[in-house]
Amino acid sequence: MDEILRLLPERIKQAVLSQVADRWNDLQEIRLRLGKPIELNFHYFIEWINIIFTEKDSVFLLSQISEHSLYRLEDELREGYITISGGHRVGLAGEVNTVQGSVKQLKHITFFNIRIAREIVGIATPFISYLQDDSLYFNTLIIGPPQTGKTTFIRDISRAISDGEGGRAPKKVGIIDERSEIAACVNGIPQHQIGSRTDVMDACPKVAGMMMMIRSMSPDILVVDEIGKQEDVDALIEAILSGVTVICTVHGYSLDEIKKRPSLSILFQHHVFQRFIILQKNGDLFFNIEIVDENGRRLTSNLVGKR
């Protein structure tokens, strides 16, 4: 947790160390708001540190995040988050300047959310066999509401396919990591295990990144997080027509709900996906995993994974 602790002013760092103690594996977020106590989000409860986050603390935190140069992080600030070493992400909020409806600058940053990255190597291993037929992988859509582990799951799928886990032939994998969450690159270097034959297009818009990756790196498998917009769908179809297998995620609670979304309807009309992985929360530490084929036939029976 050194990457997290170095961001915090000394008095806050010591308070966090004292209160969290040996529970780092359960800590998900540290939220800091100007003029408010500090919030600790664990897997299954919330705690407060009765220390008020001050403007001086905010200046220190921003300086540590940016390594004393906010200017070099101008693009990331516009997106509202910064990825730091270890793959952890700091979400930012405050006053926003806009030009013609687009975000020009995030200033007077007074809200911080330090999201602690967790990679669970091997979580996808038991399910890889459902996603392929001999040496060919199926186009796959991973569906789940927030905080059900979609990104964790797709990251480990990328690693397993790239490394040829379980005696399978390793494949070239290309990750379009628009929000720097899958590989969590820092200065272009992945902070998570994504496989030995994986290439990453980091902080790149999905639509442009998919075609760039296909042209430049000729992947066998294209991995994309959080599709939803019409342009995402158009780019996916173009990628598939070029002969690439796609594995992607989407926010949703069920396959039926996803099928009703106008922007995604063409994907179902053309039977783009042969496999669907549906993730649902099962308590605070576990989730149910259901895998369905293109005909709606359930291939698993609510398998349980740990988040």
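Helix axes are lines fitted to C-alpha atoms over the stretch in contact, and the angles between N-to-C directions run from 0 to 180 degrees. On that basis, the axes of α6 and α7 come within 9 Å and cross at roughly 15 degrees; helices are DSSP runs (H or I, at least four residues) and strands likewise (E, at least two), numbered from the N terminus. This is a predicted model, in which local features need pLDDT of at least 70 and side-chain atom pairs count only at pLDDT 80 or more, while totals for chains, interfaces and linings use all residues. Residues are numbered from 1 along each chain as its sequence is written, and side-chain values use heavy atoms, with hydrogens and water left out.

**Helix packing**

- Because angles under 35 degrees count as roughly parallel, α6 and α7 are roughly parallel to each other.
- The crossing of α6 and α7 is left-handed, meaning that the near helix is turned anticlockwise from the far one by less than a right angle.
- On the α6 side the contact (heavy atoms within 4.5 Å) involves Lys206, Val207, Met210, Met211 and Ile214.
- On the α7 side the contact is made by Glu231, Asp232, Ala235, Leu236, Glu238 and Ala239.

**Nonpolar cores**

- A nonpolar core is a set of buried Ala, Val, Leu, Ile, Met, Phe, Trp, Tyr and Cys residues joined through side-chain atoms within 4.5 Å; buried means under 20% relative accessible area, exposed over 50% and partly exposed in between (1.4 Å probe, protein chains only).
- The largest core has 30 residues, of which Leu141, Ile143, Leu222, Ile227, Leu264, Phe273 and Phe276 touch the most other members.
- Elements giving two or more residues to this core include β9 (140-144), α6 (206-217), α7 (230-241) and β14 (275-282).
- Leaving aside neighbours within four places in sequence, the contacts of Phe276 include Leu141, Ile143, Leu255 and Phe268.
- A second, separate core of 29 residues includes Trp24, Ile30, Ile38 and Phe42.

**Salt bridges**

- The structure holds 15 salt bridges, each a side-chain nitrogen of Lys or Arg within 4 Å of a carboxyl oxygen of Asp or Glu.
- Lys13 pairs with Glu10 at 3.3 Å between the closest N and O atoms; both lie in helix α2 (residues 10-20), three residues apart.
- Lys13 is partly exposed at 21% relative accessibility, and Glu10 is partly exposed at 46%.
- Glu47 and Arg23 meet in a salt bridge of 2.8 Å, N to O. Glu47 lies in strand β3 (residues 46-49) and Arg23 in the loop between α2 and β1 (27-33), so the pair ties together parts 24 residues apart in sequence.
- Arg31 bridges to Glu29 at 2.9 Å; Arg31 is partly exposed at 25%, whereas Glu29 is buried at 10%.
- Salt bridges with shared partners join Arg89, Arg115, Arg179, Glu181 and Glu226 into one network.

How values were computed
Angles under 35 degrees count as roughly parallel, over 145 as roughly antiparallel, 65 to 115 as roughly perpendicular and the rest as oblique.
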